[in-house]
Amino acid sequence: MVQALILTGFGINCEEEFAAAYRLAGAEATIVHLNQVLLGHVSIHDYDILNFPGGFSFGDDLGSGVVLANKLRYRQTPSGRTLLDDIKEFIANGKFVMGICNGFQVLVKLGLLPNLSGNVTPEVTLTHNASGRYEDRWVRLKVNPNAHTPFLKGIDTMEVPVRHGEGRLVISGADTLAQIQDKALNCLTYIGYDDSPTDVYPHNPNGADLNCAGLTDPTGQVFGLMPHPEAFLSLYNHPDWARRKRLNRGISEEGDGLKLFRNIVEHVQGQRAEAVPQEASQFLS
Ligand SMILES: NC(=O)CC[C@H](N)C(=O)O
């Protein structure tokens, strides 16, 4: 079974929904306190997908995600390494990392996204919403058709909720901006009713540069987004479900967010199916 590790602790609060998403998508999901990993009791290398959920880690002190990112970068585990060293190795082994909302903020503050340089140093930031307040609303997103991450395969648009105070992506530097666009790392965009990208509030809830709601790294293995796909797994999560069902009796009872988790679980399953015949071939020759 595909193994998803979901970190929690220190004010993270969306781990149960994250686990529910993976379970519905056919994976085994394990929720582990970050200290268990930092103390060496749990190894991320026993898992296929490492996940950073949303919440308010360390009370958003010093900026959302900053303290947790620093803990990953500087805190030594008993092996004398940092968790960031392990995460780099995890990615080099072809595995996947996902961050939602506060988890996305952690990946950005750590420099794992967008990681244009490959040196894992922060290149962009997420900061206070342009509205100056916490935004809690449903938004619509469009997938960049040139993005090449398995997480978003076959998805065109989706509707998902946001709930954040610091979701505004700021990309300073024309070169960084150009590289992100050239490599299509801005994989998710806030859109208006006409499906085109928009900077108009509240369709774009935070004023993000490029109207960007999510990023990947150049490998496509690391993916993060501000909205919460794990909060729209069933039609009944949507505030308008009753009207939608009345108007369209054949409507799918799945929420838009589930496809994303199915995608990554199926991708890992596919990788395994490809790997097995190669290993088996040694014994055949
Ligand atoms: N839902 C979340 O993960 C919120 C993230 C962060 N605490 C913010 O307000 O921006």
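## Around the ligand

The shell of residues around the ligand splits into two nonpolar, seven polar and three charged. Here Ala, Val, Leu, Ile, Met, Phe, Trp, Tyr, Cys and Pro count as nonpolar, Asp, Glu, Lys and Arg as charged, and the others, Gly among them, as polar. The surrounding residues are Gly54, Gly55, Phe56, Asp60, Ser64, Cys101, Asn102, Arg163, His164, Gly165, Glu166 and Gly167; a residue is near a molecule if its C-beta atom, placed from the backbone, lies within 6 Å of it.

Keep in mind that this is a predicted model, where local features need pLDDT of at least 70 and side-chain atom pairs count only at pLDDT 80 or more, while totals for chains, interfaces and linings use all residues. Residue numbers start from 1 along each chain as its sequence is written.

Helix H3 covers residues 66-74, and Val66, Leu68, Ala69, Lys71 and Leu72 are its buried residues. Helices (H or I, at least four residues) and strands (E, at least two) are DSSP runs, numbered from the N terminus. Buried means 20 or more other C-beta atoms within 10 Å of a residue's own, exposed means 12 or fewer, and partly exposed is in between, with C-beta atoms placed from the backbone. H3's buried residues pack against helix H4 (83-92) and helix H5 (102-110).

How do H3 and H5 sit against each other, and at what angle? Their axes are 8 Å apart and the angle is about 55°, with axes being lines fitted to C-alpha atoms, for helices over the stretch in contact, and angles running from 0 to 180 degrees between N-to-C directions. That makes H3 and H5 oblique to each other, since angles under 35 degrees count as roughly parallel, over 145 as roughly antiparallel, 65 to 115 as roughly perpendicular and the rest as oblique. On the H3 side, Val66, Leu68, Ala69, Leu72 and Arg73 make the contact, meeting Val106, Lys109 and Leu110 of H5 (contact means C-beta atoms, placed from the backbone, within 7 Å). These contact residues come out as six nonpolar, no polar and two charged.

## A look at Leu72

Leu72 belongs to helix H3, and it counts as buried because it has 24 C-beta neighbours inside 10 Å. Beyond its neighbours within four places in sequence, Leu72 is in contact with Thr82, Leu83, Leu84 and Leu110.

## A look at Ala25

Ala25 lies in the loop between helix H1 (15-24) and strand S2 (28-33). Ala25 is buried, with 20 other C-beta atoms within 10 Å. Leaving out residues up to four places away in sequence, Ala25 touches Leu258, Phe261, Arg262 and Val265.

Terms used
Two residues are in contact if their C-beta atoms, placed from the backbone, lie within 7 Å.
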